[in-house]
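Here are a few friendly notes to read alongside the structure. Have it open while you go through the points.

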Amino acid sequence: MRAWNRVKLLWAYLARRPRLPALPVEYIVETTAKCNLYCPMCPRETHKQPKADMPDEVFERLVGDAASTAEHMMLIGLGEPFMDPHIFERIEFCHRHSISALLSTNGTFLDERNAARILDSPLDQITLSFDGAKKETFEFYRKGANFEKVRDNFVRFARMKHQRGSKLQVVVQMVRMSGNAGEVGDFAAFWSAIPGVDQVRIKEDETNVIGPAGHAAEDWKHPCHYLWRGPLYVKQNGDVYPCCQSYMLDGAPLANIMEKPLAEIWNSAPIQEMRRLHAAGRGGEVDICSRCCTTIPHPALVAGSLIFHGKTVRRLVPLVERLVHFSKLPRRLLRPPQRG
């Protein structure tokens with residue numbers, strides 16, 4: 001069923017169909033809107049968030065609607081996942097529905113007990129967010145976190161994973177911004193040498209908080225992959241957005257998962273109109289898209305992402321990004337907006 005779902009999405013993407021006969025491969029699910037840090041590049045700085053977790057009925061309705069087609073759920077959003085008291089139950093719930101789960105954490109709660117619980121869980125992938133190779137840089141971008149404590153938490157976790165022989169995919173990620181761009185080499189060298197770390201990811205800043213920018217006109221010859229394969233973004237209260245960026249850029253939700261079935265939301269009039277404009281090379285006419293900073297992959301990469309299982313694709317993303325950013329693959333494959 002999942003493979004056939006991908007085939008139908010691939011056909012619809014290549015044919016530039018606005019109405020899709022299949023559901024998204026991936027989802028971003030904000031199981032909590034709570035966070036303990038203050039980061040200058042985070043949309044939390046401009047979008048006040050409630051101190052609330054996703055209700056169980058919302059999470060279960062989403063997974064139930066997506067169960068036969070979803071391949072990958074990123075249990076992240078504008079909150080720190082380990083502030084969700086039900087996060088381990090949610091990982092198990094995804095696993096029972098044969099959906100792989102990913103978490104991204106700031107590391108402040110990654111003590112030895114939580115590290116062991118993660119390694120005992122069916123989690124498929126975890127991203128350890130660490131935005132700098134130097135103490136002053138890290139603590140500027142991660143206000144409220146201690147450089148040495150978080151680094152030690154991450155190193156201990158990776159080594160515990162290595163010692164256990166766990167198959168959990170561990171990615172250490174740095175978002176490249178103006179203040180830490182000169183530390184990419186040191187960052188990659190340090191984390192690549194830690195046993196248990198599978199990938200080092202250098203990710204471009206895709207928010208409009210620090211350096212507002214949108215895509216140039218020539219970028220719109222390719223439609224945005226989010227509108228065909230996902231990930232669809234589900235906020236803590238059940239509101240569904242075409243993508244995570246649409247919420248950050250003050251777009252309206254398509255609907256609430258408690259009010260309409262997922263299949264109806266995925267083919268609602270607003271998202272179909274977005275697909276029509278993107279398919280015609282007019283994505284820049286969509287207000288939120290005109291201000292978006294997300295990288296638009298080449299159609300060859302999008303097509304490839306619909307050939308493989310979503311879990312495999314998510315594991316390949318850091319590798320492809322590194323090859324492009326270090327000039328071993330042509331930059332036209334990934335086209336981030338050019339900042340002035």
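1. Let's start with one residue, keeping in mind that this is a predicted model. Arg 164 lies in helix α6, which covers residues 147-164.

2. Is Arg 164 buried, partly exposed or exposed? Its relative accessible area is 44%. Because buried means under 20% and exposed means over 50%, Arg 164 counts as partly exposed.

3. Leaving aside residues up to four places away in sequence, Arg 164 touches Ala 116, Leu 119 and Asp 120. With Asp 120 there is also a polar contact between the two side chains, at 2.7 Å.

4. Next, step back to the whole protein chain. You can trace 14 helices and 11 strands in it. The chain has a radius of gyration of 19 Å, close to the 20 Å that the globule rule gives for 340 residues, so it is as compact as a globular protein of that length. Along the principal axes, its C-alpha atoms fill a box of roughly 50 × 45 × 35 Å.

5. What about the inside and the surface? Of the 340 residues, 58% count as buried. The protein chain exposes about 14,200 Å², and carbon and sulfur atoms supply 53% of that area.

6. Finally, consider the contacts in the protein chain with a separation of 6 or more: 74% of them come from residues 24 or more positions apart.

Key
Residues are numbered from 1 along each chain as its sequence is written. This is a predicted model: local features need pLDDT of at least 70, side-chain atom pairs count only at pLDDT 80 or more; totals for chains, interfaces and linings use all residues. Side-chain values use heavy atoms; hydrogens and water are left out. Helices (H or I, at least four residues) and strands (E, at least two) are DSSP runs, numbered from the N terminus. The radius of gyration is taken over C-alpha atoms; the globule rule is 2.2 Å times the number of residues to the power 0.38. Buried means under 20% relative accessible area, exposed over 50%, partly exposed in between (1.4 Å probe, protein chains only). Contact means heavy atoms within 4.5 Å. Accessible areas come from the Shrake-Rupley method with a 1.4 Å probe; for residues, only the protein chains shown count as cover. A polar contact is a pair of N or O atoms within 3.5 Å; within protein, one must be able to donate a hydrogen and the other to accept it, and residues adjacent in sequence count only if both atoms are side-chain atoms.
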